[in-house]
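Biologist: I'd like a close look at one part of this model, the metal site. Could you walk me through it and then through what surrounds it?

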Amino acid sequence: MEFTIDESWATPPYRKGKIGAGRWHVLLGPYKVGPRGCDWNVEVWFDPGLRSPWRGLGFSRRVDPDPLPVAREGWLRGDLHCHTLYSDGDSWPPEMLSAAAETGLDFLGVTDHNNVGHQLAYGPGGNGLPIVLPGIEVTTYGGHWNAWGTDRWWEFREPESKAVERTIRAAAESGAVVSICHPKPFGPPWEYQGVSGFHAVEVWNGPWAQLNAASLAFWESLLRRGDRSVALGGSDTHYLHARDLAARDADSLGTPTTWVQVGDRPTVRAILDALREGRSFVSESPRGPQLYLEPDPARVGRVIVEVRDGAGTGLVMLSEAGAVETTAVTDPAWNRTFDVPAGASYVRAQLAGANGNIRALTNPVWTDRL
Ligand SMILES: [Zn+2]
Ligand SMILES: [Zn+2]
């Protein structure tokens with residue numbers, strides 16, 4: 001037998017990982033050895049140029065032998081934002097889809113700048129996993145917005161608020177889900193402050209520490225005004241092949257991951273509906289933590305929070321008045337109920353790590369729906 005272990009891939013069922021310096025042991029696995037013993041011979045060699053045999057075979061789902069944590073039944077995990085060679089990415093659409101499959105994503109939104117040429121390379125999506133959400137990143141001088149569930153380009157050449165809002169509303173009316181992209185410094189930022197008509201805000205673009213707190217604050221200011229826009233995330237992955245990128249350009253699919261509730265219908269339509277309606281949360285990767293917030297069916301005025309794989313984080317419950325309760329998540333499987341504070345119009349949940357970085361956040365439960 002022969003197997004390979006590499007930092008980025010390994011022969012199933014071995015686990016990928018860095019080969020560190022030190023003394024290594026080889027575990028021989030014959031399940032039964034007769035009284036005469038057996039001859040054995042171990043050869044170890046190092047080949048830094050070895051490519052994964054899984055690449056170039058088309059894509060098959062989850063070749064990574066590290067099993068992903070199980071999501072709640074009826075929930076899918078995906079990445080909503082990436083670029084291919086059809087705009088400023090470095091990969092062909094099938095390569096991006098293959099990478100999404102390897103990352104363990106159930107759906108992938110591909111959002112080339114002002115271009116839907118990539119959609120022909122994927123086909124319509126929906127056949128197997130990952131499901132492709134046909135999308136586009138409408139890229140204007142004053143900010144970017146994503147639309148999913150559309151097969152055409154949208155006007156991007158008129159950088160005035162009125163024109164931008166008119167186009168956003170037209171895209172939404174056509175059935176697309178529309179989201180403001182990365183409203184944060186260097187996002188580039190969103191300069192059309194008064195514009196409305198979109199469904200969602202990309203509160204988390206790339207690793208959390210890349211100024212996403214500004215995007216979250218932007219979204220929160222909308223919530224405080226009673227605007228029920230939805231939070232979602234996207235990695236904005238451009239490069240699968242480039243090496244030696246500056247840290248700020250280093251992105252990877254699934255960082256962050258948006259989780260959506262689709263029930264027993266894993267289809268493009270069901271994913272779009274869940275995004276539009278906010279049946280979703282965002283977490284740092286396909287491995288979690290998972291954060292579910294819902295009304296408590298047993299009592300009016302109360303919500304239930306379930307956290308999976310979030311031990312060691314701090315859970316914060318927030319309303320328009322700010323943090324209303326903070327508590328430590330102590331177990332990998334953890335849940336608790338919370339009373340919604342009197343007078344609050346919504347409550348939402350987020351998890352933070354010890355360094356203060358957000359690791360997961362939910363959409364609000366609006367109290368008039370409790
Ligand atoms: Zn952008
Ligand atoms: Zn982008």
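Which residues coordinate the zinc ion (ligand 1)?

Modeller: Keep in mind that this is a predicted model. The zinc ion (ligand 1) is held by Glu137 through OE, His144 through ND1 and His182 through NE2, at 2.0 to 2.1 Å. Along the chain, those donors fall into the spacing E-x6-H-x37-H. Histidine 144 sits in strand 4 (residues 143–148), while histidine 182 is in the loop between strand 5 (177–180) and strand 6 (200–205), so the pair ties together parts that are 38 residues apart in sequence. Histidine 144 and histidine 182 are both buried.

Now for the other metal. The zinc ion (ligand 2) is coordinated by His81 (NE2), His83 (NE2), Glu137 (OE) and Asp236 (OD), at 2.1 to 2.2 Å. Here the donors follow the spacing H-x1-H-x53-E-x98-D. You'll have spotted Glu137 in both sets: glutamate 137 bridges the zinc ion (ligand 1) and the zinc ion (ligand 2), which are 3.4 Å apart. As for geometry, the four donor atoms of the zinc ion (ligand 2) make angles of 81 to 167°, and the site is irregular. For four tetrahedral donors, the ideal angle is 109.5 degrees. Histidine 81 has 0% relative accessibility, so it counts as buried. Histidine 83 also counts as buried, because its relative accessibility is 0%.

With 17% relative accessibility, histidine 199 counts as buried, because the cut-off is under 20%. Leaving out neighbours within four places in sequence, histidine 199 is in contact with Ala172, Ala176, Val177, Val178, Ser229, Val230 and Arg276.

Take helix 3 (residues 161–173) to start with: its 13 residues reach 18 Å from the first C-alpha to the last, close to the 18 Å expected at 1.5 Å a residue. Ala172 is one of the buried residues of helix 3, along with Ala163, Val164, Thr167, Ile168 and Ala171. An α-helix has 3.6 residues a turn, so residues three or four places apart point the same way. The cover over the buried residues of helix 3 includes strand 4 and strand 5, and strand 4 is where histidine 144 lies. Just past the end of helix 3, glycine 175 takes a positive phi of about 110°.

The buried ones are Val268, Ala270, Ile271, Leu272, Asp273, Ala274 and Leu275. A glycine follows this helix as well: glycine 278 comes after helix 5 and has a positive phi, near 75°.

One more buried residue is worth a look while you have the model open. Arginine 348 lies in strand 15 (residues 346–352), and with 0% relative accessibility it counts as buried. Its side chain makes a polar contact of 2.7 Å with the side chain of glutamate 220. Not counting residues up to four places away in sequence, arginine 348 touches a set of residues that includes Leu216, Trp219, Leu223, Val316, Met317 and Pro364.

Methods: Residues numbered from 1 in each chain as written. Chains lettered and ligands numbered in written order. Predicted model: local features only at pLDDT ≥ 70, side-chain atom pairs only at ≥ 80, totals over all residues. Heavy atoms only, no water. Buried < 20%, exposed > 50% of the residue type's maximum accessible area, 1.4 Å probe, protein only. Helix = DSSP H or I, 4+ residues; strand = E, 2+ residues; numbered from the N terminus. Donors = N, O, S within 2.8 Å, 3.2 Å for Na, K, Ca; no water. Expected span 1.5 Å × (residues − 1). Contact = heavy atoms within 4.5 Å. Polar contact = N/O pair within 3.5 Å; in protein donor to acceptor, adjacent residues only side chain to side chain. Tetrahedral: all angles 85-135°; square planar, octahedral: opposite > 155°, others 65-115°.
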